[in-house]
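Trainee: Hi! Could you walk me through this one?
Mentor: Happy to, let's bring it up.

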Amino acid sequence: MFPNEAARKSSGNKATRQRCGLKGILADAVPPLRPESENLLSHPVSRRTFGRLLTAGAAATTLPALAASAQPDQNAVPAAGSGKFPEGFLWGSATASYQVEGAVKEDGRGQSIWDTFSHTPGKTHNGDTGDVADDDYHRYREDIAIMKELGLKTCRFSIAWPRIFPEGTGKPNPKGLDHYQRFVDELHNAGIEPFCTLYHWDLPQALEDKGGWQNRATSEAFAAYCGYTAGKLSDRISHFMTTNEIETFTDLGYKNGTHAPGLQLDPKAFAQVCHNAVLGHGLAVQAIRAQAKAGTQVGLAENISSTVPAIATDEHIRAGRTAIQEENARYMNVIQTGKYTDAYLKKLGPNAPQFTDADLKAISSPLDFVGINVYTPTYVMAAPGSDLGYQVVPFPTSYPHMFSDWLHIGPEALYWGPKLAHEVWGIKTIYITENGASSDDKLTPDAQGNMQVLDTDRTMYLRNYLTQLHRGVSEGVPVKGYFLWSLLDNYEWADGYEKRFGITYVDFQTQKRIPKLSSRFYKATIAANAVS
Ligand code: GBH
C-alpha cells in the first residue's frame, strides 16, 4: 500500500526509489473514500457561516482507517469524533529570529540580507524593519513564560546565522552562541522541548555579496555553519531543521524580488538558485550528522503545496498524489526521491540547473522527520488527456481568505497535505511546523476595562484546521506534533507590522504582550489534548 516506506531507509537505492514514482503509486489501491460531505465548496458559503459549516462537516465524518500497514499501535490512535489527540502529542508554537529578536547590532551579530532589504526604501510596508521587532532578544524570559502559561510542550525557534558567523564563514562569534544556549536552557527550565531551525531566511549579507544562493559556495558555507552550530548545541537540542521554506525564500527572494535580497533572476539563474538551496539543505544534513551528538534528529520545514482533491473521489485523489510530487518537484520531491521529475526538467529545457549524481545523493540524505508548514490548500482535479493527468484549480475571487490576501482558508489542507506526503513519499514522522493566520486584530476593553483582542476569525481558522489534523491523526497519518504560527505578533517580512499572526497581541510601542482569544482557545486545546 505504501511502497515508499522502504525508500527512507535506503535513499541511495535506485530500485527502491523507482517505487516512489508515479507508476508505483497509481498501481496502489485508493483508500476508501469519505462521503459527499467533502463537497462543501460547491455551495456558495458566506465567510460568516464558513467556519460553522466546516466544523460540522468534519466532525460528522468518520473515516475508514488507512491501510493496516500504515497503522501505528491502534491504542495510540484515538477514535475519530472524540477530538482527542494521541498521548504525548507535541503542542508547540513557532517563531523566527529576524521576525522577533530585534537587537540587530548586539553582541557581534553581522548584517543579514533582511537588514539590507528592509532598510531599502520602498521594499517593505511602511518602511518597517526588524531592528526592534518583539525585542525578544532581551525579553525571551518573558516570552518563554508565556509559552509555559499556555502549556506548550515544545517550541520552534530559529537561529540567526549572522549571530554565529557574522561574515557567514570564518571566525565564529561566541556571544551569538551564548545567547542561544541561555535561551534553550530557559526553555528546558520551563519544561519546553526546543526544535531549532537553522535558516529562517537571515542570510549573512557578506555571502549575498558573493552571489548568495546563486553561488554554490553558499550551500557549502551553510553546511559548515549548520554542522558547527549543531555540534555546539546538540547537548541541549535534539531536533534540528536545516531550512525553513526553501520554496518561499527562493521564489520571493530571487524570482519575484518581493523578499530579500530582492532579485528577479532569469529562469536559468533561478533554477540554479533552487538547486543550490536544496543542495545546501542536503549538505547540512550530512554536516549535522557528522558533528552533532549521536541520536540527534534532523529534518527541515517546507511549505509544500498541500494538494487537496477538489472532490474526494478516486480520480481526483489520484490527481492529488501526482500533483503533490510535481508541484513540489524542485523541493520536497527531489529531497525525498533524489530525482528531479522528468516533467520538471522537460519544462525547464535549456534552463535546467547544472547538477551531478553526487548532488542528488546529498540532497536526498535520509531525514529523521519532515516538517510541513500548512496555510492554504492547493486544489487539484483530474484532467484526463493532459500531460500529467491533473490540473491545479485557481481560487475564485470570492474564495474566503484571512487578513493576508494569499491566506485562502482550506482546513482540509491539514488533512490531505500530511496524508498524501505520507503515502507518496513514505514519510514516517511528520510535524506540522507552522499553521496559523493573520487577522485585523483590534484592542477592545472588557467589562473591567482591561484590553482584550477577540479574534474569533483566527480561532475559527485554528479550530477547523485542527479538526482536519485530528481527522488525519485518527486515521494513522503519522503527525507527531503541531507548531502554531505564531506565539507573538511579529515582523511579517515585506508586510511589516501590519499583518498580525500572533495568538499574543504585541503593542509595538510599549512591547506589552496581551493574550488574544485564540490563545485561550489554544491553551484549552492543549489542556484537553483535544480539539472541540
Ligand atoms: C510562513 O510562510 C513563513 O515561514 C513565516 O516566516 C511567515 O511569517 C508566515 O508564513 C506567515 O506569512 O505575498 O502573494 O506573494 C508562509 C508561506 C509563501 C505565504 C509565500 C506568503 C507569498 C504570497 N508563504 N506567500 S504573495
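Trainee: Is Glu 186 exposed, partly exposed or buried?
Mentor: This is a predicted model, and in it Glu 186 is partly exposed, with a relative accessible area of 22%. That value is not under 20%, so Glu 186 does not count as buried.

Trainee: What does Glu 186 form a salt bridge with?
Mentor: With Arg 141, and their closest N and O atoms are 3.8 Å apart. Arg 141 is partly exposed too, at 47%.

Trainee: How many salt bridges does the count come to?
Mentor: The count is 26.

Trainee: New topic: strands! How many residues of β5 are buried?
Mentor: 5 of the 6, so strand β5 is largely enclosed by the rest of the structure. It pairs with strand β4 in the parallel sense over 4 bridges, and 2 bridges join β5 to strand β7, also parallel.

Trainee: Which residues touch the most other members of the largest nonpolar core?
Mentor: Trp 161, Trp 213, Leu 469 and Tyr 482, out of 133 residues in that core. Helix α13 supplies the largest share, 10 residues.

Trainee: What does Tyr 482 contact, away from its sequence neighbours?
Mentor: Its contacts include Phe 89, Trp 91, Leu 469 and Tyr 522.

Note on methods: Residues numbered from 1 in each chain as written. Predicted model: local features only at pLDDT ≥ 70, side-chain atom pairs only at ≥ 80, totals over all residues. Heavy atoms only, no water. Buried < 20%, exposed > 50% of the residue type's maximum accessible area, 1.4 Å probe, protein only. Pairing = 2+ DSSP bridges. Core = buried A, V, L, I, M, F, W, Y, C linked by side-chain atoms within 4.5 Å. Contact = heavy atoms within 4.5 Å. Salt bridge = Lys/Arg side-chain N within 4 Å of Asp/Glu carboxyl O. Lists of a residue's contacts leave out its neighbours within four places in sequence.
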